[in-house]
Amino acid sequence: MWATIFFIIVIIGIAMFFWQKNKQKKEQEAKLNTPKELTLENVGPGGVIHLMNVGPNMEEYDVTILSKSIYREGESDEWYELEGDNGKQKVWISIEEDDGLDVTLALRTLKLREIPINRSDLDRMDEAAEGEFEFEDQTFYFEYSNEASFFSDGNTSAENESFFYYWEFENEKEDQFITIEEWENGKFEITLSVPLKSSQVKVYSLGGATV
């Protein structure tokens, strides 16, 4: 009698196990098969977007996304960078979730010699947590600086991680930013960026796998 009851309990347990596994599998398949929304956050390599009224000349162009990489600062802060081609030049779009979606477009890259500060000035601004410089008839004010890491193509393995230190400056209208990055190899990368509103971006296609 007890052996029969035990046998029935075992059978029910096995049936429940396989039912639960099958349910989880169907839920995962449904999630994978659900089309993602045509939003900038979901765009990956191969995706195509259209930008409108960007830069001082209010340009409009399509951008084919070439790669999607990850920046990481501290334990939990992350943001993404889409590298794309507009047919004339490379463009970079940064996407960060910070009490809303912050999106910036790098209009162009600069050389360190093009801005009137040097490495010593940056050290001084780091210590004072303030500073400014003039560039193209505008004053850019020190906002913050920190160390961060970069993972190209969304590959977050330790072997693919590279480190840099960066300084962020913005103009008085807060509509232009200059970011100075100093990489492990001593190379400086400097970009002049502007904020992008959602109304300036239209997503045509998402492309391939995203991070």
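Which residue takes a positive phi just after α2? Ala129 does, at about 55 degrees. This is a predicted model, in which local features need pLDDT of at least 70, side-chain atom pairs count only at pLDDT 80 or more, and totals for chains, interfaces and linings use all residues. Residues are numbered from 1 along each chain as its sequence is written, and side-chain values use heavy atoms, with hydrogens and water left out.

Start with helix α2, residues 119–128. Helices (H or I, at least four residues) and strands (E, at least two) are DSSP runs, numbered from the N terminus. Asn118 caps the N-terminal end of α2. One of its side-chain oxygens lies 3.0 Å from the backbone nitrogen of Ser120. That is a polar contact: N or O atoms within 3.5 Å, where within protein one must be able to donate a hydrogen and the other to accept it, and residues adjacent in sequence count only if both atoms are side-chain atoms.

Within α2, Asp121, Leu122 and Met125 are buried. Buried means under 20% relative accessible area, exposed over 50%, and partly exposed in between (1.4 Å probe, protein chains only). The three cover an arc of only 100 degrees around the axis, so they sit on the same side of α2. The arc is taken from the directions from the helix axis to the C-beta atoms. An α-helix has 3.6 residues a turn, so residues three or four places apart point the same way. Arg124 and Glu127 are exposed on the other side of α2. The cover over the buried residues includes β6 (132–135), β7 (138–151) and β8 (161–171). Strands β9 (177–183) and β10 (188–195) are also among the covering elements. Contact here means heavy atoms within 4.5 Å.

Now the loops. Ala129 is found between α2 and β6. Ala129 counts as exposed because its relative accessibility is 51%. Asp137 is in the loop between β6 and β7. Phi of Asp137 is also positive, near 65 degrees, in a residue other than glycine. At 81% relative accessibility, Asp137 counts as exposed.

Finally, the aromatic rings. The whole structure holds 13 aromatic pairs. Rings of Phe, Tyr and Trp (its six-membered ring) pair if their centres lie within 6.5 Å; planes under 30 degrees apart count as stacked, over 60 as edge-to-face and the rest as tilted. Phe135 and Phe140 have ring centres 6.3 Å apart and planes at 65 degrees, so this pair is edge-to-face. Phe135 is buried at 7%, and Phe140 is buried at 0%.
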